[in-house]
Amino acid sequence: MRPFLSLPAVRYLGLLALLEAAFPAPAQAYLDPGTGNILVYVAISLVGTILYFLKNLVYAIIGRARGEQAGRRELHHERILLFSEGRSYYYTFKPIIDSLLRRGIPFSYITMDMEDPALTIEDDLMDSRYIGNGAAAYARAAGRRADVMLSTTPNIGTPGFPMPRPRRVRCLAHVCHGVGDIAMYQKGSLDHYDAVLMVGDFMLPSIRRLEELRGLPAKECVSLGLPYLDELARKAQPKKERSTPAVVLVAPSWGNKGCLSVCGPQFLVDLAKAGYEVIFRPHPQSLKVETDMLASVHELLRDFPNVHFDTDMDATASMSRADIMISDKSCVRFDFAFLYEKPVITLDIPVRNPELYEVADLGVIWEDTVAARLGEVVAPDQFDRILPAVERALAMPSAALAAFRDQCVACRGWSGEAIVDWTLEVLQRHDARQGERTADARQQGGQPGTTPETAHPGQASA
């Protein structure tokens with residue numbers, strides 16, 4: 001039987017295909033934005049997966065060349081596992097990493113961001129890996145074996161979230177990355193966690209309330225502070241005297257919850273005309289998705305030399321210069337007030353779609369109940385009269401803010417050390433229980449019972 005196509009014909013068609021790929025003709029086609037986003041997401045995930053595979057392959061080859069036993073090294077490091085979604089959480093993990101390395105404790109660190117600064121740390125005690133991004137990365141994280149996994153990621157194990165609760169992790173512990181209660185977490189965000197390392201005791205009533213409503217066992221809850229706040233405190237350069245004129249830092253959220261979207265930019269003009277030095281610092285996400293709005297703000301304020309735009313990734317310089325902050329319900333309010341002991345004006349914007357968040361069951365948001373302790377709280381319909389509020393807030397004594405901070409934030413200045421202390425205590429408890437089970441099994445002539453794949457820690461209350 002003769003082939004359907006001769007060899008010259010196959011070569012000819014192959015050449016045509018290459019030419020078509022190299023010099024494509026214009027196509028009368030439409031790709032909707034949603035489909036385009038999906039295709040870009042898939043492409044990025046594929047590239048990340050390939051790079052992750054190649055990196056691990058190189059490490060494995062280097063390890064074998066050094067005579068390392070990969071299985072033993074992996075088991076040695078997996079007693080403690082740090083899981084990060086990316087570079088934006090680096091300051092949360094850095095004090096913990098520093099403490100582990102300083103004490104000579106081996107651990108693993110996995111991240112979903114190739115540009116995570118933690119990947120540049122060179123130390124034999126730290127097994128750091130990029131695990132890709134997207135659903136595949138979450139699956140890899142969920143498949144890891146560890147006695148303790150520290151993670152900032154809420155929603156692990158909740159329906160619809162791409163990462164199930166890791167069944168081979170004995171203790172899944174949530175590390176907080178902002179001053180605030182859990183009322184604005186999505187529903188069920190911490191239901192599958194074994195422990196919550198709280199900012200302070202103010203978080204406990206909400207956690208216990210949700211456990212009671214849902215019939216959940218009590219998590220281990222312990223107040224260990226906020227590592228990233230300690231890291232920022234080391235960089236902060238607070239000034240002692242108020243500037244003349246006063247420096248007003250405007251730091252809105254992005255989207256429909258931001259003060260610019262709700263109240264418009266006219267209040268910026270009012271501040272500039274009043275003679276204040278104004279620093280406008282848009283949210284990083286606004287720089288990506290609200291370019292038209294920011295362009296109009298630039299145009300509105302371009303004739304005011306006392307207005308400055310700050311798009312630096314690090315807010316330290318602007319915060320150090322400012323005498324007061326104006327924001328909405330962003331957590332950056334607490335960072336500024338607690339680090340620099342300066343007042344904050346809060347725009348009281350109602351929560352949109354509250355049924356999606358834990359506030360639907362809790363009925364109250366802790367941040368709303370304490371906003372007045374940071375400074376003035378202004379309703380949206382009163383934002384056109386912002387100037388008197390600024391003057392009243394500027395008169396607020398810094399001692400009141402310092403006292404409130406000390407009331408809220410535990411282990412201030414040594415949160416990373418406190419978290420490592422707690423982690424080692426959990427490991428000691430685990431070893432003691434394992435030893436007891438082994439002894440009991442020997443007395444009964446059987447095998448030790450519970451295995452890391454099926455066991456989770458006994459959950460103690462605070």
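Reply: Happy to! One term first: a residue counts as buried when its relative accessible area is under 20%. By that cut-off, 46% of the 462 residues of the protein chain are buried. Please keep in mind that this is a predicted model. The protein chain holds 18 helices and 13 strands, and it exposes about 23600 Å², with carbon and sulfur atoms supplying 57% of that area. Among contacts in the protein chain with a separation of 6 or more, 72% are between residues 24 or more positions apart.

Now to the open sheet. Six strands make it up, in the order β10-β9-β8-β11-β12-β13, and their pairing is parallel. At its edges are β10 (307-309) and β13 (377-378), each of which pairs on one side only. Look next at β11 (residues 324-327) and β12 (residues 344-347): these two strands run parallel and are joined by three bridges. To find your place there, pick out Ile326, which stands opposite Ile345 in β12.

Another is α16 (residues 386-394), lying across β11, β12 and β13 and running at about 135 degrees to β11.

For the surroundings, turn to another pair of strands. Strand β1 (residues 80-84) pairs with β2 in the parallel sense, over four bridges, and Leu82 stands opposite Tyr109 in β2. In a regular strand, side chains alternate between the two faces of the sheet. Strand β2 (residues 107-111) has both faces covered: Phe107, Tyr109 and Thr111 are buried on one side, as are Ser108 and Ile110 on the other. That makes five buried residues out of five in β2.

Finally, here is a pair of helices. Two packed helices are described by the angle between their axes and the distance between the axes. For α4 (residues 90-103) and α18 (residues 415-443), the angle is about 60 degrees and the axes are 8 Å apart. Their crossing is right-handed. From α4, the residues Pro95, Ile96, Ser99, Leu100, Arg102 and Arg103 meet Gly416, Glu417, Ile419, Val420, Asp421 and Leu424 of α18. The residues of this contact divide into six nonpolar, two polar and four charged.

Conventions
Residues numbered from 1 in each chain as written. Predicted model: local features only at pLDDT ≥ 70, side-chain atom pairs only at ≥ 80, totals over all residues. Heavy atoms only, no water. Pairing = 2+ DSSP bridges. Contact = heavy atoms within 4.5 Å. Axes fitted to C-alpha atoms, helices over the stretch in contact; angles between N-to-C directions. Left-handed = near helix turned anticlockwise from the far one by under 90°. Nonpolar A, V, L, I, M, F, W, Y, C, P; charged D, E, K, R; others polar. Buried < 20%, exposed > 50% of the residue type's maximum accessible area, 1.4 Å probe, protein only. Areas by Shrake-Rupley, 256 points an atom, 1.4 Å probe, with all protein chains shown as cover.
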